[in-house]
Structures are given as C-alpha cells and as structure tokens.
Amino acid sequence: MPELPEVETVRRGLVNFLPQRRINEIQVLHPRANRKGSLPLKSVIGSRILEVNRRGKFLWFTLDRTEAIVGHLGMSGQMLIQPTNAPHSPHTRVIIRFSGAKDEFRFIDQRTFGWLAVDELVESENLWVPKSCSHIAPDPFEENFNLNLALGKLASRKTEIKRALLNQEIISGIGNIYADEALWRSKIHPEHNIERLTEKELRLVIQNATKVMRDSLGRGGTSFDDLYIDVNGQSGYFAISLKAYGREGEPCKRCGTAIRRITFANRSSHFCPTCQKAPRTRSKPGKNRVGNRNRKGSSR
DNA sequence: AGGGCAACCTGGGGGC
DNA sequence: TGCCCCCAGGTTGCCC
C-alpha cells in the first residue's frame, strides 16, 4: 500500500509486534523479494529487532547490529502479522519467524515490485537510514522536516508541479493519489510549470499535501480493495473523502464541474478543469526543448 | 546534471 | 465464454 499514510499505518501495526523479537527463521519464497544488490535476508537470522522506522514509503527494522532490514511495498505489497498456522496467500514472498512467537511476519506482494533487503545504515538529513533509501528527501511527517528547505528544492525544479511532487528526492511520501488531492485543494493544475507558480502557491501545495496525508492517516489510509490493508488485514476508509483521484466524470465537490482525467507522466491525473485552470501553453516559443507535449495520443 | 520515459510484474475489468 | 486491451496507488535505469 503505497503512499505515506498507508506505509505509516503498516509501521504502526508492526510496532505492536516486532520490537524485541529475535529472528530465528527467514524463508524467501520469490527471488525478486530479496532485492538485488542486498545482502541475503537470511544473513540476519539470530538478530533481534529493535525499532520499526520509516521515511517516505520506505520502512526499516533496526537490529542489534549495524545492518537493518529494509522494505518497500511497491504497488501491491502487504506486511501482515499472522498466526504461523494461518492459511497462506499464493503471493506470499517472505516469511520471518521469531523465537517463542505464535505469530509470524509475512510479506505478500502480487505484482512483485516490492522488496525486502538487508542494508547498512548511513547518515542522511539528520537521520540514520539504510543505504537503499538514503537518496530520498525527508517526508513531511518527520520531526525535523524543513518546509523552507523543501520549498527551495521544489522551486528550483524546471518541470511541471505534479512531476515534482512525485519525485521522492524533493519531498518523499507523496504518490499519485495525494498529489492529485493536494493539487485539487490548492486549485492548481497538475501540468503547471513550477517556474510559473509563486512561492506562496508552492508553499500551499506542500501544506495541502501534508494535510491530506494526515487526514488519511487518521482513517487508516486509502484503500479501494483488499489489496491494500494494514497488518491485521483491515482496509482504510479515506477513499470516501477523495475529492479528485478516481472521480473522473463525477462533479467537483467545489463547483460541480465534471472531474477530468488525463494521462500525464505515465499515470493518471485527476483535476477539476474549472477550479484548476490549465496553464497557458507555450507562451515563449523555443523556451523548452523540443515539444514533447503534443504527442500524447490520449484520445481513443 | 537534470529531465523524461520505458521497463519491471500480475490480475481484474470492460468491450467485442 | 473467451480473448484482448487497458488499467492500477512505485521506482529505477538509461537515454537525451
């Protein structure tokens, strides 16, 4: 369950079970589940889990040694705590068992974009994080998240606002749903160029992204089906509060205009064509490299 | 250096 | 019923 609120929901579930557990068995049932370039998962058998941490959409378990277990849910990953004798999903990829525990950790992932790894910790932005996620920026839920720093990074990018929101190296944690929701709340069209937006508007987008993710976290995240669930198998309820994402053709909750969906940056973007005015295209010819915006054969 | 795209997968749903 | 195409919440490598 991909975006920050969903990953944080998972983290909170894991915190209730994992800390202080000693790992005594690890089964890797699919080769892609132990990320390429990672140490073998089995190398941490015998260690004890200390904490469950998160930055953006990456989770990691610190251990009583210098490496950590890192995980990413990809598009369809789940982390469940279940009784060792409970029936298995056909998409179970990794099982971790603990000394003296009746429950076990299961990593389930239909589309296999998710993974677990064993990684060294390195220092990044005032935090010790595993190497495999040291390239991403802090997320807005972090205690020392610096809004002005994030704003500066965002403002310096020469690209459209939605692309930048999805870029985890600027602000981490925001994915396709909350990017659309943040832009709807801010009344800004996803294809707006950052250089044409004011600092005030950019600040508003970041604040709205933070707010919408916080609201969602309060309801256990957004889920549309049972692919996206917490460690106990429960679905979140934020989907009913979405204002733009997944609402193509439905009336905008502000003005009633039908929400539009466009394909952009290889994914769907949902917005209100009235509240979120399209940027004026190409006011300065030749300013951008070769026109790449004409060839999206989106119709039919 | 930074931006943008295709590739990595499986499965569900709609149209014909 | 079956086939085919489209769609899906993410990240990354590689090309430009």
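In which sense, left-handed or right-handed, does α1 pass α5 in their crossing? The crossing of α1 past α5 is right-handed. The model described here is a predicted one.

**Helix α1 against helix α5**

- α1 and α5 pack with their axes 8 Å apart, at an angle of about 40 degrees.
- The two helices, α1 and α5, are therefore oblique to each other.
- On the α1 side, Leu-4, Pro-5, Glu-8 and Thr-9 take part, and they meet Met-213, Ser-216 and Leu-217 of α5.
- Sorted by class, the contact of α1 with α5 comprises 4 nonpolar, 2 polar and 1 charged residues.

**Helix α4 against helix α5**

- Helix α5 covers residues 199-217, and its axis comes within 8 Å of the axis of α4, the two crossing at roughly 125 degrees.
- That angle makes α4 oblique to α5.
- The crossing of α4 and α5 is right-handed.
- α4 contributes Tyr-178, Glu-181, Ala-182, Leu-183, Arg-185 and Ser-186 to the contact, while α5 contributes Glu-201, Leu-204, Val-205, Asn-208, Ala-209, Val-212 and Met-213.
- The contact of α4 with α5 has 8 nonpolar, 2 polar and 3 charged residues.

**Helix α2 against helix α5**

- Helix α2, residues 147-155, crosses α5 at roughly 120 degrees, and the axes come within 10 Å.
- α2 also passes α5 in a right-handed crossing.
- Leu-147, Ala-150, Leu-151, Leu-154 and Ala-155 are the α2 residues that meet Glu-199, Leu-202, Arg-203 and Ile-206 in α5.
- By class, 7 nonpolar, no polar and 2 charged residues make up the contact of α2 with α5.

**The sheet of 4 strands**

- An open sheet is formed by 4 strands in the order β1-β6-β7-β5, with antiparallel pairing.
- β1 (23-28) and β5 (77-83) are the edge strands, and each pairs on one side only.
- From one strand to the next, the twist averages 15 degrees.
- β1 pairs with strand β6, residues 92-98, in the antiparallel sense over 5 bridges; Val-28 stands opposite Val-94 in β6.
- β6 and β7 run antiparallel and are joined by 4 bridges; the bridge partner of Ile-96 is Phe-105 in β7.
- The hairpin of β6 and β7 has 4 residues between the strands, and in this hairpin Gly-100 takes a positive phi near 65 degrees.
- β5 and strand β7, residues 103-109, pair in the antiparallel sense over 7 bridges; Gln-78 has Ile-108 in β7 as its bridge partner.

**The sheet of 5 strands**

- A further open sheet has 5 strands in the order β2-β3-β4-β8-β9, and its pairing is antiparallel.
- β2 (49-55) and β9 (127-130) stand at the edges with a single partner strand each, so one side of each is left without a neighbour in the sheet.
- With direction ignored, neighbouring strands of this sheet are turned by 35 degrees against each other on average.
- Strand β3, residues 58-63, and strand β4, residues 65-72, run antiparallel and are joined by 6 bridges; Leu-63 stands opposite Arg-65 in β4.
- Helix α1, residues 4-15, packs on the sheet and touches β2 and β3, its direction making about 170 degrees with that of β2.

**The surface near DNA strand C**

- DNA strand C is surrounded by 22 residues, of which the closest are Pro-2, Gly-175, Asn-176, Tyr-228 and Ser-268.
- At least two residues of the surface near DNA strand C come from each of α4 (176-186) and β11 (267-271).
- By class, this surface has 8 nonpolar, 9 polar and 5 charged residues.

Methods. Residues are numbered from 1 along each chain as its sequence is written. Chains are lettered from A and ligands numbered from 1 in the order in which they are written. This is a predicted model: local features need pLDDT of at least 70, side-chain atom pairs count only at pLDDT 80 or more; totals for chains, interfaces and linings use all residues. A residue is near a molecule or strand if its C-beta atom, placed from the backbone, lies within 6 Å of it. Ala, Val, Leu, Ile, Met, Phe, Trp, Tyr, Cys and Pro count as nonpolar, Asp, Glu, Lys and Arg as charged, and the others, Gly among them, as polar. Axes are lines fitted to C-alpha atoms, for helices over the stretch in contact, and angles run from 0 to 180 degrees between N-to-C directions. Angles under 35 degrees count as roughly parallel, over 145 as roughly antiparallel, 65 to 115 as roughly perpendicular and the rest as oblique. A crossing is left-handed if the near helix is turned anticlockwise from the far one by less than a right angle, and right-handed if clockwise. Two residues are in contact if their C-beta atoms, placed from the backbone, lie within 7 Å. Two strands pair if DSSP finds at least two bridges between them.
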